Amino acid sequence: MTNAEDFTSAVSSALPYLRRYGRALTGDQSTGDKYAAAALEALLLDRQMAIDASSIKVGLFKVFHTLWKSSGAPIGDNETGLRAQAQRHLSRLTENTREALLLSTIEDFNLSEVAEIMQIDGSEADHLVGLARTEMEDAISGSVMIIEDEAIIAMDLETVVADMGHRVTGIARTRDEATALAKADKPDLILSDIQLADNSSGIDAVNDILVDHGGIPVIFITAFPERLLTGERKEPAFLISKPYSENQVRSAVSQAMFFSSTETLSN
């Protein structure tokens with residue numbers, strides 16, 4: 001960035017993501033915002049800290065991380081409900097993997113950026129992210145409902161989910177089957193296609209279930225991702241395009257289970 005207008009625009013664009021990271025990292029929005037404000041103030045006093053970074057956003061996160069670590073990396077316990085559950089899960093991770101996990105999973109920084117923000121070398125960042133993903137996948141087991149009308153895909157998803165140690169409540173092929181299955185056995189997670197066997201909508205099925213049962217994380221697996229990525233409404237945190245890979249499904253399932261709610265990732 002070479003001029004003040006570009007610099008200000010880049011910082012403004014990054015700030016909402018820094019606040020999201022601050023909340024997830026500290027366990028409290030107020031505390032996270034205080035660190036975000038302090039990082040912003042420090043950066044505005046010395047813009048060179050961001051200019052010397054690989055990007056303005058990375059520079060801002062690096063300043064935040066430095067301030068947070070220098071204060072002892074305090075973790076709050078002011079969250080409630082699903083966010084509190086996510087914090088409990090995060091608190092069980094090995095030291096330093098919490099930051100690596102949030103930076104790579106929620107904020108989508110690559111390994112070199114994670115290393116730069118945390119001020120460690122690339123091999124350590126790779127180790128921390130890998131360890132975090134393993135601990136995340138091993139930490140939680142629960143029940144999963146599959147909404148999918150293609151039998152081969154449904155069986156494949158069932159196998160992947162079962163191999164991860166989760167219980168499959170059942171497979172629904174239509175909207176009506178899905179709502180009935182959820183009433184009979186409430187799942188901890190939903191895997192859903194969009195277009196179902198009777199031309200009903202997986203989106204409508206999920207909405208019906210969420211109205212009845214509240215906050216359940218949802219992963220959409222679809223050949224029509226453009227139907228959800230319109231920019232006209234809140235978009236899902238987890239969206240996998242068909243054809244998918246087993247690793248994509250495993251990663252999304254473990255993240256959604258671990259963080260308890262897509263709200264943790266999308267807000």
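## Chatting through the fold

Reader: Hi! Let's start with P243. Where is it placed?

Author: P243 is in the loop between β5 and α12 (246-259). Keep in mind that we are looking at a predicted model.

Reader: Got it. What kind of peptide bond joins K242 and P243?

Author: That one is a cis peptide bond, with omega at about -5 degrees.

Reader: Nice. Zooming out, how many helices and strands are there in the protein?

Author: The protein has 13 helices and five strands. It has 267 residues, and 47% of them count as buried. If you take the contacts with a separation of 6 or more, 69% of them come from residues 24 or more positions apart.

Reader: In what order do the strands sit in the sheet?

Author: Follow β2-β1-β3-β4-β5, and you have the five strands of an open sheet with parallel pairing. At the edges are β2 (167-172) and β5 (239-241), each of which pairs on one side only. On average, neighbouring strands are turned by 15 degrees against each other, ignoring direction.

Reader: How many bridges join β1 to β2?

Author: Five bridges link strand β1 (residues 143-147) with β2, and the two run parallel. If you want a pair to look for, I146 stands opposite I171 of β2.

Reader: And which strands does helix α11 lie across?

Author: Helix α11 (residues 202-213) lies across β1, β3 (189-192) and β4 (218-222). Its direction makes an angle of about 170 degrees with β4.

Reader: Let's stay with β4. Is V218 buried or exposed?

Author: V218, which is found in strand β4, has a relative accessible area of 8%. The cut-off for buried is under 20%, so V218 counts as buried.

Reader: How far apart are V218 and V206 in space?

Author: Their C-alpha atoms are 7.9 Å apart, while in sequence the two residues are 12 residues apart.

Reader: New topic: helix packing! How do α1 and α4 cross?

Author: The axes of helix α1 (residues 4-26) and helix α4 (residues 56-70) come within 8 Å and cross at roughly 40 degrees. That angle is why α1 is called oblique to α4. The crossing is right-handed.

Reader: Which residues of the two helices meet there?

Author: From α1, the list includes F7, V11, L15, L18 and Y21. On the α4 side, you will find I56, K57, L60, F61, F64, H65 and W68. The residues of this contact divide into 14 nonpolar, three polar and one charged.

Reader: Why might residues three or four places apart point the same way?

Author: An α-helix has 3.6 residues a turn, so residues with that spacing point the same way.

Reader: Handy! How many residues of α6 are buried?

Author: Helix α6 (residues 97-106) is mostly covered, with 10 of its 10 residues buried. Among them are R98, E99, L101 and I106.

Reader: What follows α6?

Author: D108 does, with a positive phi near 60 degrees, even though D108 is not a glycine. You will find D108 in the loop between α6 and α7 (111-118).

Reader: Is D108 buried or exposed?

Author: Its relative accessibility is 64%, and exposed means over 50%, so D108 counts as exposed.

Reader: Last one: where is Q119 found, and what is its phi near?

Author: Q119 is in the loop between α7 and α8 (122-139). Its phi is near 60 degrees, a positive value in a residue other than glycine. With a relative accessible area of 47%, Q119 is partly exposed.

Conventions. Residues are numbered from 1 along each chain as its sequence is written. This is a predicted model: local features need pLDDT of at least 70, side-chain atom pairs count only at pLDDT 80 or more; totals for chains, interfaces and linings use all residues. Side-chain values use heavy atoms; hydrogens and water are left out. Two strands pair if DSSP finds at least two bridges between them. Helices (H or I, at least four residues) and strands (E, at least two) are DSSP runs, numbered from the N terminus. Axes are lines fitted to C-alpha atoms, for helices over the stretch in contact, and angles run from 0 to 180 degrees between N-to-C directions. Contact means heavy atoms within 4.5 Å. Buried means under 20% relative accessible area, exposed over 50%, partly exposed in between (1.4 Å probe, protein chains only). Angles under 35 degrees count as roughly parallel, over 145 as roughly antiparallel, 65 to 115 as roughly perpendicular and the rest as oblique. A crossing is left-handed if the near helix is turned anticlockwise from the far one by less than a right angle, and right-handed if clockwise. Ala, Val, Leu, Ile, Met, Phe, Trp, Tyr, Cys and Pro count as nonpolar, Asp, Glu, Lys and Arg as charged, and the others, Gly among them, as polar.
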